[in-house]
Amino acid sequence: MSISLLPAVQAFLQRDHGLFIDGQARVAGSGRHLEVIDPASGEVISRVGEASQADIEAAVASSRQGFAQWSKAAPAVRGGVLLKLADLLERNREELAQIETLQSGKLIQISRNFEVDQAAHFLRYYAGWATKIGGETITPSLPSFNGEQYTAFTLREPIGVVVGIVPWNFSTMIAIWKLASALVTGCSVIIKPSEFTPLTILRIAELAVEAGLPAGALNVVTGAGGVGKALIEHPHTDKVSFTGSVPTGLAVGQTAMAANLTRATLELGGKNAAGFLPDVDVEKAVAGIIEAGFLHSGQICAAAERFYVHRSQIDAITQRLCERLGQLKIGSPLDESAEFGPVTNKQHQAKLGQLFAKARAENCTILHGGKLIDGPGCYVEPTVILANSARDSLLTEETFGPVATFLPYDSEEELIELMNDSPFGLSASLWTNDLGKAMRLIPQIQAGTLWVNMHTLLDPAVPFGGIKASGVGREFGGAFIEDYTELKSVMIRY
């Protein structure tokens with residue numbers, strides 16, 4: 001049974017949503033609107049304005065003024081605002097979670113525990129960095145000819161106006177990653193959410209003002225892809241932080257470089273691998289596969305899509321996995337007892353249907369699922385596929401959905417070769433009871449993030465990002481500071 005919507009949520013959905021510029025909501029100048037559709041029902045639940053070029057100019061101008069003020073704020077003040085915003089996220093937890101579930105189709109428990117709770121956790125982590133960003137002192141080796149001496153030091157200075165382009169899969173948490181990285185380093189930020197999931201960040205922007213963030217430090221500009229492109233190309237934006245697909249990320253990076261060498265952090269997807277050594281327990285392997293590939297219907301950039309299991313175990317593991325998936329309760333994401341919900345939009349559902357058709361055309365064995373679910377909404381069966389070879393489409397093309405494709409292997413050398421046989425390198429996982437063997441294999445696996453006996457879970461203290469075609473730069477840890485600041489070197493003769 002679905003939960004009842006809060007009156008605050010019902011009222012929020014009825015609002016005429018525009019943009020959020022200079023500390024307040026404003027109507028989009030274009031007069032055009034985008035419909036926000038509930039992927040569980042297929043019904044329009046709200047509308048948001050589509051930004052015009054004049055709106056983009058206003059947002060950038062506001063952000064430049066906001067940067068001038070916010071960059072001069074004391075580090076402890078910046079950290080304090082982020083801490084207050086974290087408190088407000090938790091205070092409005094259910095409202096934000098319901099809005100997120102309605103727009104994305106995410107199970108309500110995931111919206112509560114990951115989107116909102118983890119967003120608050122990340123905010124507090126980033127707030128802790130506010131007073132810890134510094135440079136270093138250096139003693140130069142320049143020779144002294146007349147008794148003069150030299151000293152040097154470095155400064156970390158905020159880069160300026162950041163454009164954060166946010167995908168639809170985790171529209172709250174990823175927006176928080178980007179705005180927190182920018183704000184804690186003294187930058188201002190313009191968030192451009194996905195046209196499919198623009199609502200939560202509009203509400204969070206209001207909470208940010210309540211937390212004490214000055215006008216212009218955070219602006220939100222809604223619209224389709226052309227709005228993001230215009231922001232990247234604008235001569236007065238200084239950096240773009242993009243999370244999304246590899247093809248779009250490549251276009252973003254090229255646009256940024258062509259636009260006056262605009263700095264870019266690209267956190268892209270890929271075709272992430274999970275390798276299971278023959279000593280792994282079947283039940284633990286199956287639980288790990290569900291964690292790695294089926295959380296939020298597989299719509300996680302770091303989710304595993306390629307599963308390599310030793311030939312001696314592949315039948316037992318895939319059989320048990322199919323049994324477990326067949327027991328999942330598929331239902332409304334607002335139903336607290338549901339275990340599996342829809343994908344986020346019709347376009348993505350259709351893409352998955354095309355991939356299933358490809359798998360059948362290539363004579364792959366569909367062990368479970370492989371169909372779109374009839375009826376309203378964007379439901380897709382959780383799917384298990386046994387590939388014929390490493391070159392099959394389902395082992396090379398990103399699905400970004402609830403699809404686990406398996407291939408058996410015979411030796412550790414073959415396993416490593418299969419896991420690395422990809423132009424991408426965002427994440428991977430290794431599953432084994434032999435820690436010594438895992439430690440020997442870790443350096444051989446090509447991925448920006450490697451998990452052992454786990455997958456997908458992130459911690460703000462651990463840097464995250466991809467290698468090869470899966471991205472440039474890192475989020476989290478202390479690594480993000482390099483991407484949001486410029487290093488200034490100072491030398492003094494005295």
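Q: Contact here means heavy atoms within 4.5 Å; which residues does Ser111 touch, not counting residues up to four places away in sequence?
A: Ser111 touches Ala97, Glu100, Thr101, Lys106 and Val116 on that count. This is a predicted model, in which local features need pLDDT of at least 70 and side-chain atom pairs count only at pLDDT 80 or more, while totals for chains, interfaces and linings use all residues. Residues are numbered from 1 along each chain as its sequence is written, and side-chain values use heavy atoms, with hydrogens and water left out.

Q: And where is Ser111 found?
A: Ser111 is found in helix 5, residues 108-129. Helices (H or I, at least four residues) and strands (E, at least two) are DSSP runs, numbered from the N terminus.

Q: Is Ser111 buried or exposed?
A: Ser111 counts as buried because its relative accessibility is 0%. Buried means under 20% relative accessible area, exposed means over 50%, and partly exposed lies in between, with a 1.4 Å probe and protein chains only.

Q: Which side chain has a polar contact with that of Ser111?
A: The side chain of Thr101, through a polar contact of 2.7 Å. Such a contact is a pair of N or O atoms within 3.5 Å; within protein, one must be able to donate a hydrogen and the other to accept it, and residues adjacent in sequence count only if both atoms are side-chain atoms.

Q: Switching to Thr243: where does it lie?
A: Thr243 lies in strand 10, residues 239-244. Thr243 is buried because its relative accessible area is 4%.

Q: What is Thr243 in contact with, leaving aside its neighbours within four places in sequence?
A: Its contacts are Ile165, Val166, Pro167, Ile174, Lys178, Glu267 and Glu475. With Lys178 there is a side-chain polar contact of 2.8 Å.

Q: On to aromatics. How many aromatic pairs are there?
A: The count comes to 11 aromatic pairs. Rings of Phe, Tyr and Trp (its six-membered ring) pair if their centres lie within 6.5 Å; planes under 30 degrees apart count as stacked, over 60 as edge-to-face and the rest as tilted. Trp129 and Phe480 form an edge-to-face pair, because their ring centres are 6.5 Å apart and their planes stand at 80 degrees. This pair links distant parts of the chain, with Trp129 in helix 5 and Phe480 in helix 15 (residues 480-484), 351 residues apart.

Q: How accessible is Trp129, and what about Phe480?
A: Trp129 counts as partly exposed, at 22% relative accessibility, whereas Phe480 is buried at 0%. Both belong to one aromatic cluster, formed by Tyr125, Tyr126, Trp129, Phe480 and Tyr484.

Q: Which charged residue lies over the face of Tyr484?
A: Lys239, at 4.8 Å from the ring centre. Lys106 lies over the face of Phe170, also at 4.8 Å. A charge sits over a ring if NZ of Lys or CZ of Arg is within 6 Å of the ring centre and within 35 degrees of the ring normal.

Q: New topic, strand pairing. How many bridges join strand 6 to strand 22?
A: Strand 6 and strand 22 (residues 485-493) run antiparallel and are joined by 9 bridges. Glu157 has Glu486 of strand 22 as its bridge partner. Strand 6 (residues 150-158) is also joined to strand 5 (residues 137-138) by 2 bridges, antiparallel as well, and Thr137 is partnered by Phe153. Two strands pair if DSSP finds at least two bridges between them.

Q: What is the strand order in the open sheet of 7 strands?
A: The order is 14-15-16-13-12-18-19, with mixed pairing. Strand 14 (365-368) and strand 19 (449-452) stand at the edges with a single partner strand each, so one side of each has no neighbour in the sheet. The twist averages 25 degrees from one strand to the next.

Q: How do strand 14 and strand 15 pair?
A: Strand 14 and strand 15 (residues 383-386) pair in the antiparallel sense over 3 bridges; His368 has Val384 as its bridge partner.

Q: Which strands does helix 10 lie across?
A: Helix 10 (residues 282-293) lies across strand 12 (272-276), strand 13, strand 16 and strand 18 (427-431), and runs at about 160 degrees to strand 13. Axes are lines fitted to C-alpha atoms, for helices over the stretch in contact, and angles run from 0 to 180 degrees between N-to-C directions.

Technical notes
Contact means heavy atoms within 4.5 Å.
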